[in-house]
Amino acid sequence: MTFATIVFSIDNGVALLSLNRPEQLNSFNGQMHAEVREALKRVRQDASVRVLLLTGEGRGFCAGQDLADRSVAPGAEAPDLGQSLEQFYNPLIRSLRELPMPVICAVNGVAAGAGANIPLACDLVLAARSASFIQAFCKIGLLPDSGGTWSLPRLVGVARAKALAMLGNRLSAEQAEQWGLIYRCVDDAALRDEALSLARHLASQPTYGLALIKRSLNASFDNTLDQQLDLERDLQRLAGRSHDYREGVAAFMEKRPAVFKGN
Ligand code: LHQ
């Protein structure tokens with residue numbers, strides 16, 4: 001499959017997936033969903049990929065669903081939006097959360113609707129200072145989807161989650177950083193380079209271990225302390241059998257830089 005609505009490349013362990021319908025602020029239509037799905041399949045299948053970087057082309061990151069695809073003509077039967085979620089958005093969110101590697105999201109501009117919640121399914125979110133997050137759903141009679149009702153209260157607390165979801169106000173990248181919604185806000189001109197250098201750094205690290213960190217932290221909020229201690233025991237057992245653990249300790253003892261392979 002050649003891609004028309006995304007830009008996709010793999011270089012030195014970093015997969016770069018950039019949403020590319022800039023005239024529609026990278027809103028999702030069926031084709032873009034299919035292309036993103038195919039790119040994520042390649043990421044999963046290519047053993048050389050150790051980090052995924054998700055971003056967008058143009059002045060926006062993603063304006064969510066392409067509403068031109070989901071408008072309801074007068075007198076027409078109501079669409080089944082649950083089906084859209086089941087078929088497109090839910091698998092995307094699950095796929096990002098379950099990908100066994102760090103996923104960086106570089107939010108290059110406005111992120112609205114599902115486009116505001118897709119970054120929250122990623123692991124490290126950077127945003128350009130001019131970017132903003134809008135839970136636009138309430139303005140068209142919908143509720144936040146793409147995991148928003150799950151991620152928002154966990155990241156910013158219930159009070160702020162309800163205000164974001166019910167008011168649909170624009171949240172600046174700086175405020176998003178202050179609230180703990182995202183990891184870091186950076187100058188616009190520096191965003192792509194900062195995100196790429198973070199991705200390249202992570203790709204040189206023990207990425208098998210990083211995937212286990214992701215798994216354990218993702219499970220944390222749904223576990224009791226006892227369950228989480230058991231999970232740490234089980235995952236540390238796996239980590240301890242890895243090449244990278246052996247190499248990390250050997251390099252430390254020999255006072256030399258470690259060469260990690262991601263397994
Ligand atoms: C768009 C869109 C867009 C099409 C900008 N669609 N063209 C899941 C399941 C199934 C169905 C329903 O939804 C969902 C999940 C969702 O994501 S629902 C939420 C959908 N998204 C929105 O409601 C956001 C709609 N967009 C906006 O509110 C504004 O465009 C924002 C605040 C994002 C940006 O505002 P501006 O910077 O002023 O840009 P603009 O509004 O002028 O947009 C630029 C162009 O992009 C414009 O086209 P045009 O031909 O006039 O230049 C917009 O029509 C187009 N565009 N979002 N979602």
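Biologist: How do the residues of the lining of the largest pocket divide into nonpolar, polar and charged?

Modeller: The lining has 16 nonpolar, four polar and four charged residues. Here Ala, Val, Leu, Ile, Met, Phe, Trp, Tyr, Cys and Pro count as nonpolar, Asp, Glu, Lys and Arg as charged, and the others, Gly among them, as polar. Please keep in mind that this is a predicted model, in which local features need pLDDT of at least 70 and side-chain atom pairs count only at pLDDT 80 or more, while totals for chains, interfaces and linings use all residues. Residues are numbered from 1 along each chain as its sequence is written, and side-chain values use heavy atoms, with hydrogens and water left out.

Biologist: What makes something a pocket and not a cavity?

Modeller: Both are found on a 1 Å grid over the protein atoms alone: in a cavity a 1.4 Å probe fits but cannot get out, whereas a pocket is an open set of points with protein on both sides within 12 Å along at least five of seven lines. Lining residues have an atom within 4 Å of a point. By that test 24 residues line the largest pocket, and R97, C122, D123, L217 and N218 are the closest to its centre. The space in this pocket is about 670 Å³.

Biologist: Which element gives the most to the lining of the largest pocket?

Modeller: That is helix 8, with six residues. Strand 7 (124-128), helix 4 (148-156) and helix 8 each supply at least two. Helices (H or I, at least four residues) and strands (E, at least two) are DSSP runs, numbered from the N terminus.

Biologist: Why is helix 8 called roughly antiparallel to helix 9?

Modeller: Helix 8 (residues 207-220) and helix 9 (residues 225-240) pack at about 170 degrees, with their axes 10 Å apart. That angle makes the two helices roughly antiparallel. The cut-offs are under 35 degrees for roughly parallel, over 145 for roughly antiparallel, 65 to 115 for roughly perpendicular, and oblique for the rest. Axes are lines fitted to C-alpha atoms, for helices over the stretch in contact, and angles run from 0 to 180 degrees between N-to-C directions.

Biologist: Which residues of helix 8 and helix 9 make the contact?

Modeller: Helix 8 brings Y208, L212, R215, S216, A219 and S220, and helix 9 brings Q228, L231, L235, L238 and A239. Contact means heavy atoms within 4.5 Å. Seven of these residues are nonpolar, three polar and one charged.

Biologist: How do you know that strand 1 pairs with strand 2?

Modeller: Two strands pair if DSSP finds at least two bridges between them. Six bridges join strand 1 (residues 6-11) to strand 2 (residues 14-19), and these strands run antiparallel. In strand 2, S18 is the bridge partner of V7. The two strands form a hairpin with two residues between them, and N12 in the turn has a positive phi of about 50 degrees.

Biologist: What makes strand 1 and strand 10 edge strands?

Modeller: Six strands form an open sheet with mixed pairing, in the order 1-2-3-5-7-10. Strand 1 and strand 10 (184-186) each have a single partner strand, so one side of each is left without a neighbour in the sheet. Within this sheet, strand 3 (residues 51-56) and strand 5 (residues 103-107) run parallel and are joined by three bridges.

Biologist: What makes phi of L25 worth a look?

Modeller: Most residues other than glycine have a negative phi. L25 is not a glycine, yet has a positive phi of about 50 degrees. L25 is found in the loop between strand 2 and helix 1 (30-45).

Technical notes: Grid points are joined across faces, edges and corners, and a volume is the space filled by probe spheres set on the points.
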